[in-house]
Amino acid sequence: MSKRTLDRMKKGKIKYRCKICGSTHSVIHQYGLNICRKCFREVGEKIGFRKY
Ligand SMILES: [Zn+2]
């Protein structure tokens, strides 16, 4: 992890960004996914994730 990234994290403004659509809203960074909820619903099933 670069120092630049750490500085951003300290500020806390930069949140995780969806690697699919680029959205920073409601991004799930757990499981190393880094995708937003919207994309998660689409991708989740493909990669074997089922949310209830
Ligand atoms: Zn997305």
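A residue is called buried if 20 or more other C-beta atoms lie within 10 Å of its own, exposed if 12 or fewer, and partly exposed in between, with C-beta atoms placed from the backbone. This is a predicted model, in which local features need a pLDDT of at least 70 and side-chain atom pairs count only at pLDDT 80 or more, while totals for chains, interfaces and linings use all residues. Residues are numbered from 1 along each chain as its sequence is written.

Next, colour by pLDDT, the predictor's confidence in each residue, from 0 to 100. The protein chain averages 78, and 73% of the residues score at least 70. Switch to a cartoon to see two helices and two strands; these are DSSP runs numbered from the N terminus, helices being H or I of at least four residues and strands E of at least two. Read from the N terminus, the elements follow the order α-β-β-α. Where pLDDT is low, the predicted coordinates should not be read in detail.

Now select Cys 18, Val 27, Ile 35, Cys 36, Cys 39 and Phe 40, the six residues of the largest nonpolar core. Strand S2 (35–36) and helix H2 (37–46) each supply at least two residues of this core. A nonpolar core is a set of buried Ala, Val, Leu, Ile, Met, Phe, Trp, Tyr and Cys residues joined through C-beta atoms within 7 Å. In soluble globular proteins, nonpolar side chains tend to be buried together.

Within that selection, centre on Cys 18, in the loop between H1 and S1. Is Cys 18 buried or exposed? Cys 18 counts as buried because 21 C-beta neighbours lie inside 10 Å. Two residues are in contact if their C-beta atoms, placed from the backbone, lie within 7 Å. Not counting residues up to four places away in sequence, Cys 18 touches Ser 23, Val 27, Asn 34, Ile 35, Cys 36 and Cys 39. With the same exclusion, Cys 39 touches Cys 18, Ile 20 and Cys 21.

Step back to Arg 17, which also lies in the loop between H1 and S1. Arg 17 is partly exposed, with 16 other C-beta atoms within 10 Å. Leaving aside neighbours within four places in sequence, Arg 17 is in contact with Gly 22, Thr 24 and Val 27. Draw a C-alpha to C-alpha distance from Arg 17 to His 29: the two are twelve residues apart in sequence and 8.5 Å apart in space. From Cys 18 to His 29, eleven residues apart in sequence, the C-alpha distance is 8.7 Å.

Finally, inspect two backbone angles. Most residues other than glycine have a negative phi, and most peptide bonds are trans. Ser 26, in the loop between H1 and strand S1 (27–28), has a positive phi near 55°. Ser 26 is partly exposed, with 14 other C-beta atoms within 10 Å. Then select Asn 34, in the loop between S1 and S2; its phi is positive, near 55°. Asn 34 is partly exposed, with 15 other C-beta atoms within 10 Å.
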